[in-house]
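Please read them alongside the coordinates.

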Amino acid sequence: MFAQKKKSKFFVVTDNRYNITGELCPAGNGHGEWNSPIVTGQFEQHESLPCAYILERSTHSLFLQPTNGEASTLVEGFMAKDITSIRNVFKINENSFLGTLDDDNCEFFKYDKSTQNVTRFSHPIPDTGNMGDMSHMLLQTLATYNESEQKIAISYYSYPLIIIRDTDGNIKYTIQMEKSLPHYTGNAEADPHLYFKAIKSDDKYIYALYSPDEQSTNDYILVFSWSGDAVAKYAISPAMDFAVDSNGKRFVAIDDETGLCVEYRW
């Protein structure tokens with residue numbers, strides 16, 4: 001699945017050769033239409049149909065969307081659950097959801113549907129209390145979930161940092177790509193460097209799209225085990241996003257300049 005800009009539907013579904021096989025999530029404000037959806041990266045088979053979990057950010061609602069275009073099913077609505085805005089969310093079981101918020105502090109949260117209890121977890125980053133109005137910009141994250149490992153990996157846009165948590169919210173492993181974390185002060189806060197652009201996973205590995213510094217002519221896809229061990233590093237042209245085809249042993253990246261799909265094999 002790929003997002004598309006300025007189209008009547010937000011997403012397209014393609015086959016392995018990038019031929020479009022369907023379009024999903026018509027844009028609009030009417031019944032069955034979407035305002036600001038995001039694909040969470042979690043998929044499952046439902047009634048023999050492959051389905052994607054899609055978060056409608058405007059209503060803080062999680063849906064299960066068949067990739068053949070059939071009507072979506074509401075999984076959970078979070079608006080009245082003391083959760084004001086969501087950046088990432090994953091269904092762990094019938095009663096539990098994990099994710100990160102999109103409020104001032106962008107905290108990690110766990111929601112228990114049976115009790116409607118929301119537990120928030122602080123960031124493992126120094127000086128978060130001194131960021132003031134910049135906290136939302138600096139603490140935004142991306143996330144990916146591994147059902148078999150029961151772990152979630154969270155990367156930061158503005159820090160060279162990946163945190164691996166278990167489904168209770170405990171930090172199990174920390175991956176830090178630089179010797180020290182940046183301390184944002186003064187003008188640096190207005191335009192922080194974008195370290196991690198995207199993060200994906202499969203049952204064995206975490207894959208992260210990383211930009212080391214402004215002078216680098218390459219981006220890198222970094223591969224880690226779910227125990228936080230470094231596995232591989234692949235140099236690619238600067239990209240805005242990517243997908244992983246583990247069976248086909250390839251990455252498909254969306255080129256920063258052209259917006260075209262570029263295939264890399266390993």
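1. Ser 96 touches Phe 90, Lys 91, Lys 110 and Tyr 111, leaving aside residues up to four places away in sequence; contact means heavy atoms within 4.5 Å. Ser 96 lies in strand β9 (residues 96-101). Ser 96 is buried, at 12% relative accessible area. Buried means under 20% relative accessible area, exposed over 50% and partly exposed in between (1.4 Å probe, protein chains only).

2. On provenance: this is a predicted model, in which local features need pLDDT of at least 70, side-chain atom pairs count only at pLDDT 80 or more, and totals for chains, interfaces and linings use all residues. Residues are numbered from 1 along each chain as its sequence is written, and side-chain values use heavy atoms, with hydrogens and water left out.

3. Strands β2 (residues 9-14) and β3 (residues 20-26) pair antiparallel over five bridges. Strands (E, at least two residues) are DSSP runs, numbered from the N terminus, and two of them pair if DSSP finds at least two bridges between them. Thr 14 has Ile 20 in β3 as its bridge partner. Five residues separate β2 and β3 in this hairpin, and Tyr 18 in the turn has a positive phi of about 70°.

4. Most residues other than glycine have a negative phi. In the loop between β4 (37-46) and β5 (49-56), Glu 47 has a positive phi near 55°. Ser 48, in the loop between β4 and β5, has a positive phi of about 70°.

5. Ser 48 is exposed at 69%.

Methods
Helix = DSSP H or I, 4+ residues; strand = E, 2+ residues; numbered from the N terminus.
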